[in-house]
Amino acid sequence: MSANTLASPMPGSPDPNAVGRELMSIKRRSETGLRIRVAAVWIGLVVLLIVGLLTIRFSPQYMIEHAGFVLLGAGVTVFVSVVSILIAAVLALLGALGRLSASAIAQGVSSFYISVIRGTPLLIQIYLIYLGLPQIGQQLVNLGIPQGSILILDAVPAGILALSLNYGAYMTEIFRAGIQSISYGQREAALAMGMTRWQMMRRIVLPQAIRVIIPDIGNQFIAMQKDSALVSVMGVWEITFRASRFARKDAKFMEMFLLAALLYWILTIISSRLQDWLEKRMAHAYER
Amino acid sequence: MPMNGKPIVRVQNLHKWFDMLHVLKGVSLDVMPREVVMIIGRSGSGKSTLLRCLNYLEQPSLGAIRVAGVTIAADPKRKPDQKKIRDIRLRTGMVFQEFNLFPHMTALENVIEGLITVKKMTREQAVPIGEINLARVGMSDKRDVHPIRLSGGQKQRVAIARALAMEPAVMLFDEPTSALDPELVGEVISVMEELAREGMTMLVVSHEMAFAREAAHRVIYMDQGEIIEQGKPDDIFSRPSDPRTYQFLERVL
């Protein structure tokens with residue numbers, strides 16, 4: 001059988017199942033063909049990159065020797081990102097409920113939080129929390145309030161706090177949009193059966209909204225894994241900090257930062273796979 | 001049909017404004033226990049708003065509502081008492097034009113949601129009640145199916161079961177068949193007729209004349225936010241006394 005037999009009118013009526021199967025296999029073949037060609041382009045680009053690197057007396061040897069040392073930082077990177085995205089999600093939920101609330105205090109606090117955080121660079125926020133807050137803490141301790149010392153944060157908690165606060169503000173808008181995307185009829189059905197507003201949120205609106213925003217949260221998580229590189233300025237032993245130590249010491253900038261870049265890239269590929277899997281799992285109720 | 005004693009729903013001089021739009025202009029209405037009342041009228045006549053004011057999905061601007069012993073008098077200067085509103089909602093079951101089933105829950109989970117979340121039953125207590133009510137609307141075989149896999153008529157029957165499970169004193173139907181394909185209307189109407197036979201008090205906003213003839217005790221015609229006339233279905237349909245009712249029926253029948 002070939003496409004030719006399909007095109008030429010046959011005497012009598014063709015078997016519709018056979019034609020359907022033939023059409024499907026043609027479609028599948030052209031889809032796999034495209035996928036193979038795309039993969040070939042990727043391989044070509046990587047080869048081009050390697051050739052380019054070899055022309056600058058790049059040392060793969062050096063890279064391999066220090067891969068283990070930098071890889072150890074991946075654990076810290078993942079830990080900081082996972083903890084931060086969880087705290088950020090809680091902040092974002094509170095922020096979104098605040099934005100949508102009828103209370104002036106809740107609306108004021110959440111819109112102020114979003115405005116300040118989105119209006120300032122993450123790097124400055126990290127400096128303020130790691131270097132600025134301890135000034136206040138020290139002052140409080142000097143004034144005889146020993147609890148002030150909780151404002152003096154170690155590098156890792158400071159980094160987590162900064163990333164959580166920062167991403168929480170951006171994700172507030174994601175949560176707000178997700179909540180608002182749930183139709184008014186859903187709320188009315190919940191209220192009509194006697195639910196309180198909070199029961200309606202918890203049982204009806206949020207479970208549906210979470211599903212809508214999972215892809216956006218995934219994107220935020222992927223972005224955060226890379227923004228977590230900024231905590232290296234506080235000397236946290238994560239991927240970027242480890243890479244830059246040897247890069248500076250031996251002037252192997254391309255080797256070490258490329259190594260770091262490769263690690264981040266692999267991490268994000270793993271994360272987006274996780275995201276796909278989670279989306280599929282949550283789609284179950286919505287498949288015919 | 002014995003309908004004596006006190007009315008189970010009493011609406012007194014109900015007004016509703018949407019900003020400057022006066023959509024209900026002093027509606028008063030009594031509904032007796034076991035009575036099936038049908039409200040008809042062209043779109044924009046205020047019939048849906050009247051129904052939605054009964055369970056405070058719309059907040060009345062002026063007037064008073066009493067449902068099964070709970071009274072709320074509208075006071076535009078004050079926030080309404082949320083506890084009382086929930087009390088009224090517990091005594092009314094609402095069926096929507098667009099079904100509004102919860103898509104993340106199966107048919108059974110939809111039906112028992114109110115029992116668990118609002119009435120604080122355990123799952124073990126709620127499931128048998130849910131199953132009984134799914135059986136009442138002929139949906140037992142779909143108990144573990146999510147709404148997306150149900151037809152419009154099936155969705156609406158589950159929505160009716162969901163309202164019934166809460167054991168309301170009054171059922172409110174807001175155009176329950178308007179979003180359905182014509183061939184699916186019948187299954188919903190027959191469930192509603194069965195409820196009427198069982199003696200459920202029902203307020204129905206709908207133009208299903210078959211249901212009106214078969215099950216309604218009283219038909220109310222509304223126009224421009226007022227009740228124009230009301231009476232037995234046969235009287236209203238064959239001998240309307242107001243020209244506006246006559247004109248409307250001309251177009252619908």
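This is a predicted model: local features need pLDDT of at least 70, side-chain atom pairs count only at pLDDT 80 or more; totals for chains, interfaces and linings use all residues.
User: Which residues line the largest one?

Analyst: Its lining draws on both chains, with A:Ala189, A:Ala192 and A:Met193 from chain A, and with residues of chain B including B:Arg89, B:Leu90, B:Phe96, B:Arg162 and B:Met166. By class, that lining has eight nonpolar, two polar and two charged residues.

User: And which element gives the most to that lining?

Analyst: That is S6(B), with three residues, although helix H7 (184–192) of chain A and helices H2 (82–91) and H5 (152–165) of chain B each supply at least two residues as well.

User: OK, what lines the second largest cavity?

Analyst: The residues there are B:Arg136, B:Val137, B:Leu164, B:Val191, B:Glu194, B:Leu195 and B:Glu198, and the largest share, four residues, comes from helix H6 (residues 182–198) of chain B. Sorted by class, this lining has four nonpolar, no polar and three charged residues.

User: Switching topic, how do S1 and S2 of chain B run, and how many bridges join them?

Analyst: Strand S1 (residues 9–18) and strand S2 (residues 21–31) of chain B run antiparallel and are joined by eight bridges; as one example, B:Lys16 has B:Leu24 in S2(B) as its bridge partner.

User: What about the turn, which residue there takes a positive phi?

Analyst: The hairpin of S1(B) and S2(B) has two residues between the strands, and B:Asp19 takes a positive phi near 50 degrees.

Methods:
Residues are numbered from 1 along each chain as its sequence is written. Chains are lettered from A and ligands numbered from 1 in the order in which they are written. Side-chain values use heavy atoms; hydrogens and water are left out. Two strands pair if DSSP finds at least two bridges between them. On a 1 Å grid over the protein atoms alone, a cavity is a set of points where a 1.4 Å probe fits but cannot get out, and a pocket is an open set with protein on both sides within 12 Å along at least five of seven lines; lining residues have an atom within 4 Å of a point. Ala, Val, Leu, Ile, Met, Phe, Trp, Tyr, Cys and Pro count as nonpolar, Asp, Glu, Lys and Arg as charged, and the others, Gly among them, as polar.
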